[in-house]
Amino acid sequence: MRIAVVGATGMVGEIMLKVLAERNFPVTELIPVASEKSVGKEIEYKGQKYKVVGLQTAVDLKADIAVFSAGGDTSLEWAPKFAAAGTTVIDNSSAWRMDPTKKLIVPEINAESLTKEDKIIANPNCSTIQMVLTLAPLHRKYNIKRIIVSTYQSITGTGVKAVRQLENEYAGVEGDMAYKYPIHRNAIPQCDSFEANGYTKEEMKLVRETQKILSDNTIRVTATAVRVPVVGGHSEAVNVEFTNDFDVKEVREILQNTDGVVVQDDLDAFSYPMPLFAEGKNEVFVGRIRRDESQPNTLNMWIVADNLRKGAATNTIQIAEYLIQAGLV
């Protein structure tokens, strides 16, 4: 099993390598790939050193699977070249997510839709993954009509430059700015650029990707995405209106029996999800599960996950694991 990691020197690429090692993914040959300026650098995987190669070299090596985390432009240009060489690409950028010819996959929800013909597979946005993983089993049971979601997103979603900005501001040091404004002791109501409708791209990803993953364009979604000075993961306050009524105890039981979801919802013990404790973990954590008393058939939840793990690297590697298990590569 020859695995290419495209963007191996980046923040998500490094976590992908960690997750591959932690999950004992059956790698027989690792091909770390990055931009020309990183070619020749060495990365370490399971105690061994590997030299970073360029994109064309990686295409020529004909890996079985290539996991991409190198940005949308790189993916648009290079994913088809890998696919044409027979490599199955799992892409972590937004490039292919809304392409009607490409599958958008959260393995616990819709991996079974994959076939050998799917040579470019899209990994959803980090904030979408943690929300839909929690909502999918509830949608099957109660039928979702509308979702209102407000996100509190980690600076790691922006990248290394944002982490440095926070560290510099915390230390009182001037440096490069990843954001237009200070992030230390602040909350910025803008994740990604604005679209014509006044919503950011991040907010519209939550709308469009949720409908695609749950295969239901009738679900109405509205979102507000906020960047907060947090490192450990994304948090979401989610309000869900269902067609059918529910029992809160049954909701908890459904979520407790959902793969990849951990319920933390013991108010007496002050137990609820927080990014401080989600960091470095692969699960999605849900708590503050309670009925919305202002209207019928409506539920409030608080959802937290490490955006670099389940929100990116872990979900990508789980897709690769499914491809192997199902004999699709």
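User: Which side chain does the side chain of Q153 join in a polar contact of 2.8 Å?

Analyst: That of T151. A polar contact is a pair of N or O atoms within 3.5 Å; within protein, one must be able to donate a hydrogen and the other to accept it, and residues adjacent in sequence count only if both atoms are side-chain atoms. The model is predicted: local features need pLDDT of at least 70, side-chain atom pairs count only at pLDDT 80 or more, and totals for chains, interfaces and linings use all residues. Residues are numbered from 1 along each chain as its sequence is written, and side-chain values use heavy atoms, with hydrogens and water left out.

Now the site. The "binding site" annotation comes from an unreviewed UniProt entry and covers Q153 and R227. Such annotations may be inferred rather than shown by experiment. The two residues span 75 residues in sequence, yet no two of their C-alpha atoms are more than 4.7 Å apart, so they gather at one spot.

Take Q153 first. Q153 sits in strand β8 (residues 144-153); strands are DSSP runs of E, at least two residues, numbered from the N terminus. Q153 counts as buried, at 1% relative accessibility. Buried means under 20% relative accessible area (1.4 Å probe, protein chains only). Leaving aside neighbours within four places in sequence, Q153 is in contact (heavy atoms within 4.5 Å) with residues including S127, C191, E202, H234 and R227.

R227 belongs to strand β9 (residues 220-227). R227 is buried too, at 6% relative accessibility. Its side chain makes a polar contact of 3.4 Å with the side chain of T158.

Definitions and conventions. Helix = DSSP H or I, 4+ residues; strand = E, 2+ residues; numbered from the N terminus. Buried < 20%, exposed > 50% of the residue type's maximum accessible area, 1.4 Å probe, protein only.
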